Amino acid sequence: MARNVLVTGGGTGIGYAIARHFAEQGEAVVVTGRRAGPLKEAADRIGARAVVCDHTDPEALTRLLAELPGSVDVLVNNAGGNTDFDTDTASDVASDAAPDLASYAHDFRANLDANLVSAALTTKALEGRLAEGGAVVHIGSIAAARGGGSYGAAKAGLSTWNIDLARTLGARGITANVVAPGYIADTEFFRDRLTDERRTQLVTETAVDRPGSPEDVAGAVAFLASPAARHITGQVLHVNGGALPTR
Ligand code: NDP
C-alpha cells in the first residue's frame, strides 16, 4: 500500500528531488511551500498534492493538518534556508562599531525560525498523526558541524533536538534522523550567491571532487525512511562527498 509522505518545501531543489523520488516509488506525496504558483506546477509534474503553508506559522500548520490524510508515514522537514546569507558572520559580533542589537536579534531569530522552529513546530503538529513504523527525516547541514552563523547554529540545534525526538517517537516504532548535506549545486539556496572562486573551493574541499546533487540527498532520505533503516534513529547522516575542513 502507498505510504503517505509529506515533504516540506517540496516545490524546489532538494525537497523537490525528495518528493519526486517518493512519487516515483508510488507513494502518495504532499508538498508544501509559501509560493503557490511554483509549488503547484512542481506538484503537478510529479503527481503530488500541493498545500501552501508557511512552516514558521502555527496557524498555517493547523490549517495544513486539515488538508492531510489521516496518518502520515514519512515526514521530511526540508523547508528552510539561510535567511541571513550575506551578512551573518561572527565578525559582526566582534566589530568595534556599536552593534545594532535589535537588528542582530531580528536576523538571528529569523534563521532559527526558518530552520529549527519550523521543523519543531511541524513535527509537533503532526506527532499524533505519525503512523507506527514511520519515519521523520530533517534536512540539516554541514554548517552544523563547520560553523555558519545563525544558520549553522539553527541546523546544529536541529540535530540536538532530534535526539529527544527520536527517544519520544521510538516507543511507537517511528525513527527520527537528520540528513546533513554539504554543497549541493543547482538549487535556489546558492543560486547567484557564490562567486566562481567560492564554488571551486567548495568542490575542492570534497573528497569526490564534485558538488552533490539534490538526488544524492533524496537517496539518503529514502534510505532512512525505508524498512532497511528501522534500527537507525537519533542519527545524523552526512551527505557531503567527504567534505574536508580547510581551516
Ligand atoms: P531551495 O531554496 O530550493 O529550497 C527551500 C524550499 O523551502 C523552497 O521550496 C521554499 O519554498 C521552502 N521554504 C523555505 N522556507 C519555508 C517556510 N517557512 N515554509 C514553507 N516552505 C518554506 O534550496 P535547497 O533545496 O537547497 O534547500 C533545501 C534544504 O536543504 C534547506 O533546509 C537548506 O537549508 C538545506 N541545505 C541546502 C544545501 C545546499 O547546498 N543547497 C546544503 C545544506 C543544507 P517557498 O520559498 O515557496 O516557501
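Before anything else, a definition: two strands are said to pair if DSSP finds at least two bridges between them. Helices (H or I, at least four residues) and strands (E, at least two) are DSSP runs, numbered from the N terminus.

Good morning, colleagues. The structure before you is a predicted model, in which local features need pLDDT of at least 70, side-chain atom pairs count only at pLDDT 80 or more, and totals for chains, interfaces and linings use all residues. Residues are numbered from 1 along each chain as its sequence is written.

I begin with the overall picture. The protein chain contains nine helices and seven strands. Its radius of gyration, taken over C-alpha atoms, is 18 Å; this agrees with the value near 18 Å for a compact globule of 247 residues, where the globule rule is 2.2 Å times the number of residues to the power 0.38. The C-alpha atoms of the protein chain fill a box of roughly 60 × 40 × 40 Å along the principal axes.

Next, the sheet. In what order do the seven strands of the open sheet stand? The order is β3-β2-β1-β4-β5-β6-β7, with parallel pairing. At the edges are β3 (49-52) and β7 (236-239); each has a single partner strand, so one side of each lacks a neighbour in the sheet. On average, neighbouring strands of this sheet are turned by 20° against each other, direction ignored. Angles here run from 0 to 180 degrees between N-to-C directions, and axes are lines fitted to C-alpha atoms, for helices over the stretch in contact.

Let us look at individual pairs. β4 and β5 are parallel and share five bridges, with V74 opposite A135 in β5. Five bridges also join β5 to the parallel strand β6, where N177 is the bridge partner of V137. Strand β6, residues 175-181, pairs with β7 in the parallel sense over four bridges, and A180 stands opposite H238 in β7.

How enclosed is β5? Seven of its ten residues are buried, so β5 is largely enclosed by the rest of the structure. A residue is buried if 20 or more other C-beta atoms lie within 10 Å of its own, exposed if 12 or fewer, and partly exposed in between, with C-beta atoms placed from the backbone.

I turn to the helices. Helix α1 (residues 13-24) lies across β1, β2, β4, β5 and β6, running at about 165° to β2. Helix α5 (residues 101-126) packs on the sheet, where it touches β4 and β5. Contact between two residues requires their C-beta atoms, placed from the backbone, to lie within 7 Å.

The axes of helix α3 (residues 58-67) and α5 come within 10 Å and cross at roughly 40°. Which residues make the contact? They are P58, L61 and L65 of α3 and L121, T122 and A125 of α5.

Helix α9 (residues 214-224) has several buried residues, among them P214, V217 and L224. The buried residues of α9 pack against α1, β4, β5, β6 and β7.

Finally, consider L244, in the segment after β7. Is L244 buried or exposed? It counts as exposed, because it has 10 C-beta neighbours inside 10 Å. Leaving aside residues up to four places away in sequence, L244 touches E205 and A207. Its C-alpha atom is separated by 31 Å from that of V74, 170 residues apart along the chain.

Thank you for your attention.
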